[in-house]
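The following briefing concerns a single protein chain and is arranged by topic. Please consult the sequence and the model alongside it.

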Amino acid sequence: MGKRLLLSSLVLISFSVAAFSGAALAHHGVAGYDMTKTITVHGTVSKFDWSNPHVVVYVDAKNESGEMQHWTIEFASPVHMVRAGWSKSSMKAGDDISIDTHPSRNGAPIGISSTITFILKAVVNGQALPSRSE
């Protein structure tokens with residue numbers, strides 16, 4: 001009976017580890033972003049991807065040298081963005097956008113503008129979208 005209980009416990013533990021490890025790996029956190037720095041990206045929305053696990057806006061913006069950069073800016077999940085007052089129609093391709101973001105640590109044109117705890121300032125076609133501070 002002792003071996004059977006041990007085997008059952010090991011199977012239960014294995015399933016538990018497998019079930020929770022996928023969720024832990026799927027959420028990468030903010031380690032790749034410089035959370036001490038906030039920059040403003042101004043340009044044109046090329047795509048607004050309202051899907052799980054994160055809402056993403058793609059922005060074409062010129063850097064200080066006048067070169068076009070293609071930014072990828074991450075937000076929280078759609079459910080969190082809805083709770084904050086956003087919707088899948090908050091912006092669309094072609095919209096003028098000015099958006100604050102925490103840039104990537106490696107200098108790539110990638111940023112994060114919201115998590116479940118904050119949403120940085122975003123202005124689309126002159127209208128501010130809902131935000132909240134950290």
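**Chain overview**

Among contacts in the chain (heavy atoms within 4.5 Å) between residues at least 6 apart in sequence, 57% join residues at least 24 apart. This is a predicted model, in which local features need pLDDT of at least 70 and side-chain atom pairs count only at pLDDT 80 or more, while totals for chains, interfaces and linings use all residues. Residues are numbered from 1 along each chain as its sequence is written, and side-chain values use heavy atoms, with hydrogens and water left out.

**Secondary structure**

- The chain contains two helices and seven strands, taken as DSSP runs numbered from the N terminus (helices H or I, at least four residues; strands E, at least two).
- Along the sequence the pattern reads α-β-β-β-α-β-β-β-β.

**Strand pairing** (at least two DSSP bridges between two strands)

- Strands β2 (residues 56–62) and β3 (residues 68–74) run antiparallel and are joined by seven bridges.
- These two strands form a hairpin with five residues between them, and Gly66 in the turn has a positive phi of about 85 degrees.
- β3 also runs parallel to β5 (residues 110–112), with three bridges between them.
- Ile73 of β3 is the bridge partner of Val57, and Ile73 is also partnered by Gly111 in β5.

- Buried residues (under 20% relative accessible area, 1.4 Å probe, protein chains only) account for 34% of the 134 residues in the chain.
- Leaving aside residues up to four places away in sequence, Val57 touches residues including Val45, Trp71, Ile73, Phe75, Met91 and Ile99.

**Largest pocket**

- The volume of the largest pocket is about 290 Å³, the space filled by probe spheres set on grid points joined across faces, edges and corners.
- A pocket is an open set of points on a 1 Å grid over the protein atoms alone, where a 1.4 Å probe fits, with protein on both sides within 12 Å along at least five of seven lines; lining residues have an atom within 4 Å of a point.
- Of the 17 lining residues, Ile39, Val41, Glu64, Gln69 and Trp71 are the closest to the centre of the largest pocket.
- β1 (39–49), β2 and β3 each supply at least two lining residues, and β1 gives the most, with four.

Methods. Buried < 20%, exposed > 50% of the residue type's maximum accessible area, 1.4 Å probe, protein only.
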